[in-house]
Amino acid sequence: MDSIIIIGGGAAGLMTAYELSKHKHTVIILEAKNRLGGRIHTINDSSFSQPIEMGAEFIHGNLPLTLSLLNEAGIAYHTTAGNMFHLEKGKFKKQKEFNEGWGKLMKQMQELKQDIPLADFLNKYFGDDKYHELRESVKNFAGGFDLADISEASTKALYKEWNTEWEHQYRINGGYKLLIDYLEILCKENGCVIHTNCCVKKINWQKDEVNILTMCSRFFKSNKVVITVPVSVLKANAHSEDYIEFLPSIPQHIDAAKNIGYGDVIKILLEFNENFWNSAKKNVAFILTDEAVPTWWTQLPAESAILTGWIGGEKASSLKDNTDDEILKVALQSLANAFAMNIEDLKIKLKAFKIANWCKEADINGGYSFNTIKTVAARKTLQQPVNETIYFSGEALFEGTLMGTVEGALESGKKTALQVLKNL
Ligand SMILES: Cc1cc2nc3c(=O)[nH]c(=O)nc-3n(C[C@H](O)[C@H](O)[C@H](O)COP(=O)(O)OP(=O)(O)OC[C@H]3O[C@@H](n4cnc5c(N)ncnc54)[C@H](O)[C@@H]3O)c2cc1C
């Protein structure tokens, strides 16, 4: 019987393990953290009135694999509700379909023949002064939503994504962790062994033989290895704490990982003693502002007093070295400005807070992947196993608009498992 080690116990790692363990192979998951889930991290903090999502929160549409797993597990989920507003100095304005030039921008993006980075595209076609506001809003959107650095991001990939309409969005009742718990149960039922606190440092390999050394000096042996760590870990240099050494080295694959974009994100969770945004406006789901923490959302349709702040891309990178208290201060000042409130009044209303600074999170170091103009080729390389022995999986390897999502990670895990099974 063949044995397979899976490095990383996030959505992709657990999905790969589940698919492989169905076929009675020996499957071992090695996860660096003391918990499974990776960028899925629901916490139950008693200072909050409900479980909160430090990482993934939404299901972006009727996504087949995520929803089928939830249905199979009997885990309930609900449709999000409400509208998007722009808020400035206490005045809510219904957010129009972005700003006026958006239609023109999308048309020009669609017509682009040869892919170029978004910054070059904007300079070439929308460089005129009259497009200043449009350029800024496109840059903010690409950074905020896709965590993309526009000097690298693929214009064609962003066009494809921005042109995709999401039907509904959902949240999981009780949080995304329930999906992770379910996958863990399925894996264990199939005999899969899971080791947490097991950070892989060195992979010594030859065809069909892998020897793995972990940070706590444990050795593991297998015939194949599936690596599901974030691309930030694959890109890490030899001096970084996250570095994984391959012996012999696999330069083609590591260089490919370097051509996949990976952006920063900070999520801010605040619970107040009252839902003050509802008195100003009903049905508020998303609030966009021009503040340092530009984006906020509520828990609608649930009537809760939780506001979630989101800083993505360059804006997150510039704040990442601050302490949680400093980030909280920036967040409260942003809200105070947007709502035209006194920051001291906001502080009095604040009941609980958590800062999820993913840029500083060991073994993850950021939010999720985006396409650079070299990513299509890079992904093809990473999808090819090394000598039928080392395989890669994870959200970054998913082709299409769901790269950077849980669905993308699950689908990638499933696909990699099939690839491994073929070679066993
Ligand atoms: C703040 C935030 C919000 C998000 N919101 C959404 C959302 O609303 N909807 C959505 O669909 N997606 C969202 N995402 C993206 C989604 O969470 C990810 O795409 C998905 O969870 C990635 O799964 P993965 O298995 O590929 O990687 P990960 O979840 O990162 O799993 C990789 C695992 O590898 C482990 N690891 C790293 N190095 C080592 C090592 N040396 N040895 C052993 N283990 C190691 C890590 O600890 C980690 O657990 C969000 C992400 C973030 C950060």
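Predicted model: local features only at pLDDT ≥ 70, side-chain atom pairs only at ≥ 80, totals over all residues.
**Exercise 1.** Work out which strands stand at the edges of the open sheet of 3 strands.

*Solution.* Start with the order, which is 5-9-6, with antiparallel pairing. Strand 5 (58-59) and strand 6 (77-79) each have a single partner strand, so one side of each has no neighbour in the sheet, and these two are the edges. Now look at one pairing: strand 6 and strand 9 (residues 170-172) run antiparallel to each other, joined over 3 bridges. Within it, Tyr-77 sits opposite Ile-172 of strand 9. As a reminder, strands of a sheet pair through backbone hydrogen bonds.

**Exercise 2.** Decide whether Leu-147 and Asn-387 are buried, partly exposed or exposed.

*Solution.* First find Leu-147: look in the loop between helix 5 (132-146) and helix 6 (155-162). Its relative accessibility is 2%, and buried means under 20%, so Leu-147 is buried. Next, go to the loop between helix 14 (375-383) and strand 23 (390-392), where you'll find Asn-387. At 43%, Asn-387 falls between the 20% and 50% cut-offs, so call it partly exposed. While you're there, check phi: Leu-147 has a positive value near 55°, and Asn-387 has one of about 50°.

Definitions and conventions. Residues numbered from 1 in each chain as written. Heavy atoms only, no water. Pairing = 2+ DSSP bridges. Helix = DSSP H or I, 4+ residues; strand = E, 2+ residues; numbered from the N terminus. Buried < 20%, exposed > 50% of the residue type's maximum accessible area, 1.4 Å probe, protein only.
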